[in-house]
Amino acid sequence: MSSWARLALLVLLAAPPAAAGPVGRAALRAEIAAWNIDIRPDGAGLPPGQGSVTDGEALYAEACAACHGDFGEGLGRYPALSGGQGTLKADRPTKTVGSFWPHLSTLFDYTRRAMPAYQGQSLTDDQVYALTAYILNLNDLVPADFTLTRQNFTTIRLPNADGFRPDDRATAEDPLFRAPPCRQDCRTAPRITARASPDVTPDDAN
Amino acid sequence: MGAGDPKDPRRRRLLTGGLGLGAALVAGRAGAGTGEGTPDPKITELQPWTAGPGVGVEANPYGQPVRFEAGVVRRNVPWFSADTISAVNFTPLQALDGTLTPNGLCFERNHAGVAEIPPEDYRLMIHGLVERPLVFTLGDLMRFPRESHSYFLECAANTGMEWRGPQMNGVQFTHGMIHNVNYTGVRLRHVLQAAGVKPAARWLLAEGADAAAMSRSIPLEKALDDCMIAFRMNGEALRAEQGYPVRLVVPGWEGNVWIKWLRRLKLGDAPWAQREETSKYTDLLADGTAREMSFVMEAKSVITSPAPENPITHGRGPLVISGLAWSGRGRIASVDVTLDGGVNWRAARLDGAAGPKALQRFYLDIDWDGRPLMLQSRAVDQTGYVQPTKEALRKLRGLNSAYHMNGTQTWAVDRDGGVTNVELG
């Protein structure tokens, strides 16, 4: 953050609330604990607990395989959780936990917050550890006798951990798009090279 | 089968009626001022709406569009998603004008369906790096100073199915993951100030109360700038599908960060790497790396009529070209339109004075000579950024970045007035 931005931020934060008098009430410790479910890549937020690949396999078969496939390959249009490593430069990449996701924390966080689909926050913390361990195993990242714990969690590094970069459009692209545009005789007469397929548009659209 | 169902036979009558209207307009013009010709029975015969009363004021306590407009509805594409619960539908841009989107037509993007939260059960929590963790009720939020602003909300994936070439033959489907609403609410910074943001805080986690517990990390500078906590849209309470009773408004940024059913704000010193900012809403480039935190929606425009759903049915002569332009970086400075696929461009007329990060309507009035057209629009925002072509974006990013496709759209108009989504070489 620039010193100017930092200064502006401090000024904003120093300003008193525009409304006089207190609005809202103190959040209680138990209330924060009930909703404070996020986990960061550094492990902040991880609950106590553990789970093994073996336990995860049984739970996965019962709660997950119907959508994500027995081996995390994904069924129908439901997402694949495994495979696809080395495909990110391919014509049709397969983006999975093993091939694309940068952080294991995201898998734990998202599974606990939103999975199984539409039964958010229905799993125990140990179950989430076990499922996380099993999905790591499906991606050949841990052996079958592995147990994931809060203590060893941050030692796991996903293959695509370095695959992301901050938004660089402002420097990589915008200068190319800031030239005053041509308005007369800009190109040779164009021809149509591709047309939308009528097959994919719902037929009552037009 | 309801009136909104596209298979409803009433919709067929609507379409037939539309053609009849065109014929009547042509007939009327042919006889104008001559005193000769076949009289129009819609004039010479007493019509039922003139001969008798309509319904009373008790009939529609909350009004719906007239039945002849029953085809103006949100539509979804069944093959897009595994189910309709984590799915998207599309705003019928082809049927709208001006800039504000009617509440019932604002596209929906849900990850666990539409949560229904009784207002008395609503709570918002602020915690983390704050002096005073707080809980607010809806009533509490409504005691902060209130503001109203119009902003566009565009899904990061809008037009994303066109990365590999023209696919969807309709502006509702190519560009309809957008709406533009006048929001009333409170500045996020006022609510954060009430809790007292600690100096170490750099990021805000915003989380929804639905079964997806949708969550995104937002830089604190943006949170303190123009973000709002909104509880009204176009004057009335938020629609359930838009986050009732409270949603986050993040002007100019991709729709996913506009957390609906907002229940929790957590201040921290680093982003949280949530699923929706790692697995999703990251933009894979040709070299196999992916952009993350690509929040801003860049300058973009599209012609909404003519469009595949709006063929030219009136023949040669005066033709209104109507469209929308927008930029996540501020106001739209100008819009150019080409009739010949980009050889020559002329300035469109900006209608009204749209605010920053809001939809801007434009028009170009032409005299169509009946020849085929290759229509495009090109937006320029106040930063000087010129909307690029799809080819220019593909050269920079490849074909698999999925999101942030703001390339110029081409509609081919044939001699009969039919319109097709095409690309040019």
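This is a predicted model: local features need pLDDT of at least 70, side-chain atom pairs count only at pLDDT 80 or more; totals for chains, interfaces and linings use all residues.
Local features need pLDDT of at least 70, and side-chain atom pairs count only at pLDDT 80 or more, while totals for chains, interfaces and linings use all residues. Residues are numbered from 1 along each chain as its sequence is written, chains are lettered from A in the order in which they are written, and side-chain values use heavy atoms, without hydrogens and water.

Start with charge. Side chains of opposite charge can pair when their charged atoms come close. Over all chains there are 41 salt bridges (a side-chain nitrogen of Lys or Arg within 4 Å of a carboxyl oxygen of Asp or Glu). One joins R113(A) to D109(A), with the closest N and O atoms 2.7 Å apart. These two sit 4 residues apart in helix α5 of chain A, so about one helical turn separates them. Helices (H or I, at least four residues) and strands (E, at least two) are DSSP runs, numbered from the N terminus. R113(A) is buried at 2% relative accessibility (buried means under 20% relative accessible area, exposed over 50%, partly exposed in between, with a 1.4 Å probe and protein chains only). D109(A) is buried too, also at 2%.

R216(B) and E277(B) meet at 3.2 Å, N to O. R216(B) lies in strand β9 and E277(B) in the loop between β13 and β14, so the pair ties together parts 61 residues apart in sequence. Both R216(B) and E277(B) are buried.

The largest nonpolar core has 66 residues (a core is a set of buried Ala, Val, Leu, Ile, Met, Phe, Trp, Tyr and Cys residues joined through side-chain atoms within 4.5 Å). F136(B), L192(B), I229(B), L262(B) and L265(B) touch the most other members. Another core, of 33 residues, lies apart from it and includes I39(A) and Y60(A).

Last, the rings. The structure holds 14 aromatic pairs (Phe, Tyr and Trp rings, the six-membered one for Trp, with centres within 6.5 Å; planes under 30 degrees apart are stacked, over 60 edge-to-face, the rest tilted). F100(A) and F164(A) form a tilted pair, 5.0 Å centre to centre with 55° between the planes. That pair links parts of the chain 64 residues apart. F100(A) is buried at 0% relative accessibility. F164(A) is buried at 14%. The rings of F177(A) and Y385(B) stand at 85° with centres 5.8 Å apart, so this pair is edge-to-face. The pair crosses between chains.
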